[in-house]
Amino acid sequence: MISTERIQPNVVTVADMDAADALDLISEAEDYKHGKQPHLNRPAFAANLFFENSTRTKTSFQMAEMKLGMHVMQFEAGTSSVKKGESLYDTVKTMESIGVNIAVIRHPENEYYKSLIAHPGLKIGIANGGDGSGQHPSQCLLDMMTIHEEFNDFNGLKVLIIGDLSHSRVAHSNAMMLNRLGAKVYFAGPQEWYDEELAKYGTFGDFDELLPEMDVVNLLRVQNERLSGAENGAFDAEAYHQQYGLTRERYNKMKKGAIIMHPAPVNRGVEIDSDLVEAPNARIFRQMQNGVFVRMAILSRILRYQGIM
């Protein structure tokens, strides 16, 4: 029997998720990965409302929805009434009105979901597919699942998050959750991309000094689309790679048993040497595989809240 703590109307942030809650979601995701079969009490419908480009998150949610037996509504922001000025609330309310049970939303605004989940007139479930530089709960949980599969425990594990820290919703979500799960979190990368808000979760240091001690090296994508015009113009991909990229030389200095993670898409030759993307200890494609099962677990929580599962 699922306890009341393990169902919820929306999954929008890991900020309101404690360690036990996250481990519960990871456990259900692992059950799905090992063959657990879902059962819906009645037909269920999902719509994936992506207002930013996405390959992995969008298709992964679609796959998760289909594996759960949900019907997936087609939606393209570029050809929708959004282009006529329709508000996010009205788009989501429209989905609810036609019978959609869960809207998976990616939006460029931080915390876009707050006004939606607080609105008394909106009953549809919301799953956050990423908001601005704020939160990315499904990516965070799939990263935690990948680490859990590898080490089975987070206590004392040393995790380095390196790169475009200030623009990354992955950095903020992962640092917060790793801290709650008992891991020791470290940060590295360009000082100008360090966000002081992260100091409450870990320690900023030098990449080359930290690297040999780390169990997990979580590389971040350089988010050119979020850099200002001046930042983008000044960015030198080759210089970044030499100073902060995982080169073959640095790879050879990694701790035995350490793993490489990256939320992707990967800028090959920038954050990581191209031939290391599928190195034996790289878990980048494993992360994508696990994403489907984590998203099944997230959607299952909302479906249980709605009495559909």
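Select Tyr240 to begin: its relative accessibility is 5%, so Tyr240 counts as buried, where buried means under 20% relative accessible area, exposed means over 50% and partly exposed covers what lies in between, with a 1.4 Å probe and protein chains only. What you are looking at is a predicted model, in which local features need pLDDT of at least 70 and side-chain atom pairs count only at pLDDT 80 or more, while totals for chains, interfaces and linings use all residues. Residues are numbered from 1 along each chain as its sequence is written, and side-chain values use heavy atoms, with hydrogens and water left out.

**Aromatic rings**

A pair of aromatic rings is described by the distance of the centres and the angle of the planes. In this model, rings of Phe, Tyr and Trp (its six-membered ring) pair if their centres lie within 6.5 Å, and planes under 30 degrees apart count as stacked, over 60 as edge-to-face and the rest as tilted. By this rule there are eight aromatic pairs. One of them joins Phe235 and Tyr240, a tilted pair with 5.7 Å from centre to centre and 50 degrees between the planes.

Next, select residues 169–181, which make up helix α6, with 13 residues and a reach of 18 Å from the first C-alpha to the last, close to the 18 Å expected at 1.5 Å a residue. Helices (H or I, at least four residues) and strands (E, at least two) are DSSP runs, numbered from the N terminus, and the expected span of a helix is 1.5 Å times one less than its number of residues. Eleven of the 13 residues of α6 are buried, leaving the helix mostly covered; among them are Arg169, His172, Asn174 and Leu181. At the start of α6, look for a side-chain oxygen of Ser168, which reaches to within 3.2 Å of the backbone nitrogen of Val170. Just after the helix, Gly182 takes a positive phi of about 100 degrees.

From Ala171, draw a distance to Leu219: the two C-alpha atoms are separated by 9.4 Å, although the residues are 48 apart along the chain. Leu219 lies in strand β8 (residues 216–219) and, at 2% relative accessibility, counts as buried. Leaving aside neighbours within four places in sequence, Leu219 is in contact (heavy atoms within 4.5 Å) with residues including Ile162, Leu246, Ile260 and Ile272.

**Helix α11**

Because 17 of the 22 residues of α11 are buried, the helix is largely enclosed by the rest of the structure. Asn290 also lies in α11 and, at 0% relative accessibility, counts as buried. Not counting residues up to four places away in sequence, Asn290 touches Lys33, Leu142, Met145, Thr146 and Glu149. The helix is followed by Gly307, whose phi is positive, near 75 degrees.

Most residues other than glycine have a negative phi, and most peptide bonds are trans. Select Ala264 and Pro265, which are joined by a cis peptide bond with omega about 0 degrees. Pro265 is placed in the loop between β9 (259–261) and α11. Ala264 has a positive phi of about 65 degrees although it is not a glycine, and Ala264 is buried, with a relative accessible area of 13%.

Finish at Asn152, in the loop between α5 (137–151) and β5 (158–162). Phi of Asn152 is positive, near 65 degrees, and Asn152 is exposed, with a relative accessible area of 58%.

Definitions and conventions
A polar contact is a pair of N or O atoms within 3.5 Å; within protein, one must be able to donate a hydrogen and the other to accept it, and residues adjacent in sequence count only if both atoms are side-chain atoms.
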